[in-house]
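Look at the structure first, then read on.

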Amino acid sequence: MRPKRIPMRMCTGCGEMKPKKELVRVVKSPEGEVSLDLTGKKPGRGAYVCKSAECLRKARKSRRFEKAFSMKIPDEIYDAMEKELTENE
């Protein structure tokens with residue numbers, strides 16, 4: 001029997017490929033709201049980032065989420081995501 005395949009995703013901050021379970025999904029809902037998706041089940045377009053605030057800062061600096069979601073993301077949303085990530089570390 002073959003070993004089970006592990007889904008891999010790229011971190012938008014550091015650019016490393018990691019198993020999906022090690023990353024946090026950032027989702028843009030159909031209404032256009034951007035938030036962290038800790039369950040991985042929210043509907044909408046998703047992008048992944050490591051569970052570290054450092055990777056989130058790198059993605060913010062290089063505007064990777066804005067490119068992935070094709071929209072401008074306000075600073076308050078980044079601040080809220082960073083706060084939520086540091087609480088869950």
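## Cysteines and surface patches

Cys14 counts as partly exposed, because its relative accessibility is 30%. The model is predicted, and that applies to every value below.

**Cysteines.** How many disulfides does the structure hold? The count is 0. A disulfide needs two cysteine sulfur atoms within 2.5 Å. The closest cysteine sulfur to that of Cys11 belongs to Cys50 and lies 3.4 Å away, so the pair is too far apart for a bond. Cys14 is in no disulfide either. Its nearest cysteine sulfur is that of Cys11, at 3.6 Å. Is Cys11 buried or exposed? Cys11 is buried, with a relative accessible area of 1%.

| Residue | Relative accessible area | Class |
|---|---|---|
| Cys11 | 1% | buried |
| Cys14 | 30% | partly exposed |
| Lys20 | 33% | partly exposed |

**Positive patch.** Which residues gather in a patch of positive charge on the surface? They are Lys4, Lys20, Lys21 and Lys41. One of them, Lys20, sits in the loop between β2 (17-19) and β3 (23-28). Lys20 has a relative accessible area of 33%, so this lysine counts as partly exposed.

Where is Met10 placed? Met10 belongs to strand β1, which spans residues 8-10.

Definitions and conventions: Residues are numbered from 1 along each chain as its sequence is written. This is a predicted model: local features need pLDDT of at least 70, side-chain atom pairs count only at pLDDT 80 or more; totals for chains, interfaces and linings use all residues. Side-chain values use heavy atoms; hydrogens and water are left out. Buried means under 20% relative accessible area, exposed over 50%, partly exposed in between (1.4 Å probe, protein chains only). Patches are made of residues with over 30% relative accessible area and no salt bridge: like charges are joined within 9 Å, nonpolar side chains (Val, Leu, Ile, Met, Phe, Trp, Tyr) within 5 Å. Accessible areas come from the Shrake-Rupley method with a 1.4 Å probe; for residues, only the protein chains shown count as cover. A salt bridge is a side-chain nitrogen of Lys or Arg within 4 Å of a carboxyl oxygen of Asp or Glu. Lys and Arg count as positive and Asp and Glu as negative; His and the chain ends are not counted. The place of a charge is taken as NZ of Lys, CZ of Arg, CG of Asp or CD of Glu. Helices (H or I, at least four residues) and strands (E, at least two) are DSSP runs, numbered from the N terminus.
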